[in-house]
Amino acid sequence: ERYAKLEKEECRWEEYLMDDAEVCVVSVGITARVAKNAIVAARKEGVKVGMIRPITLYPFPKVPLAAAAQKVKSFLTVELNMGQMNEDVKLAIGCSKPVNMCNRVGGMIPSAEEVLAAIRKEAK
């Protein structure tokens, strides 16, 4: 009961350009800022991409991700780890759409160009 209440009342996220998105980027923290720059560049190229940025990781924003899965063709996680959030997204959407990853480890932040290349690949 307590966990259900947390999921209902404490879950926070931001949506960015998701109205017509065909690709949904999911990113948190510093990588979300980099991803936003890549999304702006991709939009200038005509790629319909948006982002869901989890503000809380627990509870994870399952509801908006599941809703996005009804509209988008695929998801791209941008992470500074080995894919932990990638797995969370797959669980949130019930593996209903492809979920790919653009990641870096060892403290190196991916560049906007790297993220843009991953977005382009997803959009094909």
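Glu14 and Lys36 form a salt bridge, with their closest N and O atoms 3.2 Å apart. A salt bridge here is a side-chain nitrogen of Lys or Arg within 4 Å of a carboxyl oxygen of Asp or Glu. Glu14 lies in strand 1 (residues 13-16) and Lys36 in helix 2 (residues 30-44), so the pair ties together parts that are 22 residues apart in sequence. Helices (H or I, at least four residues) and strands (E, at least two) are DSSP runs, numbered from the N terminus.

This is a predicted model: local features need pLDDT of at least 70, side-chain atom pairs count only at pLDDT 80 or more, and totals for chains, interfaces and linings use all residues. Residues are numbered from 1 along each chain as its sequence is written, and side-chain values use heavy atoms, with hydrogens and water left out.

**Salt bridges**

- The structure holds eight salt bridges.
- Glu14, Lys36 and Arg53 are linked in a salt-bridge network.
- Glu14 is partly exposed at 22% relative accessibility, and Lys36 is partly exposed at 26%. Buried means under 20% relative accessible area, exposed over 50%, and partly exposed in between (1.4 Å probe, protein chains only).
- Lys62 pairs with Glu7 in a salt bridge, closest N and O atoms 3.5 Å apart. Lys62 sits in helix 3 (residues 62-69) and Glu7 in helix 1 (residues 2-9), 55 residues apart.
- Lys62 is partly exposed, at 40%, and Glu7 is partly exposed, at 39%.
- Glu22 and Lys73 meet in a salt bridge of 3.6 Å, N to O. Glu22 is in the loop between strand 1 and strand 2 (23-27), and Lys73 is in the loop between helix 3 and strand 4 (74-79), 51 residues apart.
- Glu22 is partly exposed at 31%, whereas Lys73 is exposed at 56%.

**Glu122**

- Glu122 belongs to helix 5 (residues 112-123).
- Glu122 is buried but has no salt bridge. The nearest side chain of opposite charge is Lys121, 6.8 Å away. Lys and Arg count as positive, Asp and Glu as negative; His and the chain ends are not counted.
- Beyond four places in sequence, Glu122 touches Val23, Ser74, Phe75, Leu76 and Asn100. Contact means heavy atoms within 4.5 Å.

**Cysteines**

- The disulfide count is zero. A disulfide is a pair of cysteine sulfur atoms within 2.5 Å.
- Cys24 is in no disulfide; the nearest cysteine sulfur, in Cys11, is 14 Å away. Cys24 is buried, at 0% relative accessibility.
- The sulfur of Cys95 is 15 Å from the closest cysteine sulfur, in Cys24, too far for a bond. Cys95 is exposed, at 56%.
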